[in-house]
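Okay, thanks for coming, everyone. Let me put the model up on the screen and walk you through a few parts of it.

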Amino acid sequence: MSKTHLELTGVEMAFDTPKGPFVALDNVNLKIQKGEFVSLIGHSGCGKSTVLNIVAGLLQATKGGCVLNGHEVNSPGPERAVVFQNHALMPWLTVYENVELAVRQVFRKSMNRKERRDWITHNLELVNMAHAANKRPGEISGGMAQRVGIARALAMKPSVLLMDEPFGALDALTRAHLQDSLMEIQQELNNTVIMITHDVDEAVLLSDRIIMMTNGPAATVGEDLHIDLPRPRNRVALADDAKYVHYRQEVLSFLYEKQRKLESLSSRRAASASTQGGESAKVEKEKQPASA
Ligand SMILES: Nc1ncnc2c1ncn2[C@@H]1O[C@H](COP(=O)(O)OP(=O)(O)OP(=O)(O)O)[C@@H](O)[C@H]1O
């Protein structure tokens with residue numbers, strides 16, 4: 001049996017707010033193996049980015065914590081690269097220089113200049129962007145910029161790739177193309193990936209596991225669905241595949257039946273508590289939008 005690569009244990013995250021502590025996550029437990037592709041899905045505001053930020057080391061859990069390869073995570077590190085929805089490239093640097101910045105940060109001592117140059121070009125080639133190496137972010141499309149963001153992250157040779165809705169802002173065709181590239185690259189490099197998505201098809205197509213989160217406040221892991229579909233995966237062939245359709249249905253049912261039922265139950269409880277003078281449950285409930 002393979003060893004756990006990354007583990008979240010008993011994670012609680014409470015944010016200080018003017019109304020007092022707001023418990024966004026409560027008792028989140030998750031074990032991820034090396035090379036697994038894991039998606040986090042859940043309604044808006046349930047705490048997906050908070051989980052990702054804790055793994056990235058950008059947030060410190062108020063209870064419990066995250067361990068990567070046996071070491072506690074308490075700050076950001078180059079072995080955990082983050083890809084955001086809006087690529088976050090430096091606008092004044094060229095495509096090449098944006099990747100170079102990250103490569104220099106990680107490999108300044110271990111690679112000489114020529115090796116670094118080859119490595120940057122190799123990563124731009126992986127995402128089909130070598131041809132635009134000398135362009136600035138303002139001169140390329142959003143999809144191309146997102147590819148550069150992915151190349152920059154991969155060029156750091158991260159053992160964990162953290163992606164917060166990486167394709168959310170792209171048109172459907174570009175999105176499909178980048179999803180296919182990501183699947184190929186991940187198979188080749190065997191990185192562990194944790195990706196936040198709101199897209200059920202994207203989650204089923206790309207993932208080995210889908211972690212479905214309950215609605216907040218005090219969100220946690222609701223269901224952990226293993227996607228047992230052979231790779232490489234082909235989106236057209238899978239559209240009619242009975243297993244694919246079943247997995248898709250499982251996620252939809254969690255989001256739109258189970259979580260909705262829980263939500264209406266807790267709204268009724270909150271309403272009844274408020275008529276009895278218990279205002280706080282209602283206030284907390286209203287903080288949380290309903291749609292995924
Ligand atoms: N710094 C903060 N201070 C107070 N509350 C916060 C803070 N950061 C997040 N929250 C709250 O914690 C909850 C979880 O937020 P988070 O951004 O993790 O959700 P999400 O599932 O990623 O949402 P979305 O899908 O809309 O991006 C939300 O109710 C949010 O308002």
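So, to start: in what order do the four strands of the open sheet come? Reading across, the order is β2-β1-β4-β5, and the pairing is antiparallel. By pairing I mean that DSSP finds at least two bridges between two strands. The strands themselves are DSSP runs of E, at least two residues, and helices are runs of H or I, at least four residues, both numbered from the N terminus. β2 and β5 (71-72) sit at the edges with a single partner strand each, so one side of each has no neighbour in the sheet. Strand β4, residues 63-68, pairs with β5 through two bridges, antiparallel. If you want to find one on screen, V67 has E72 in β5 as its bridge partner.

Before I go on, some housekeeping. This is a predicted model, where local features need pLDDT of at least 70, side-chain atom pairs count only at pLDDT 80 or more, and totals for chains, interfaces and linings use all residues. Residues are numbered from 1 along each chain as its sequence is written.

The protein has a mean pLDDT of 87, with 88% of its residues at 70 or more. Residues 276-291, though, are below 50, and that stretch has 25 contacts in the model beyond near neighbours in sequence. A contact here is two C-beta atoms, placed from the backbone, within 7 Å. For the complex, the ipTM is 0.98 and the pTM is 0.86.

Last stop, M212, in strand β9, residues 209-213. Is M212 buried or exposed? It's buried, because 23 other C-beta atoms lie within 10 Å; the cut-off is 20 or more for buried, 12 or fewer for exposed, partly exposed in between, with C-beta atoms placed from the backbone. Leaving aside neighbours within four places in sequence, the contacts of M212 include I41, G42, V251 and F254.

Technical notes
pLDDT is the predictor's confidence in each residue, from 0 to 100.
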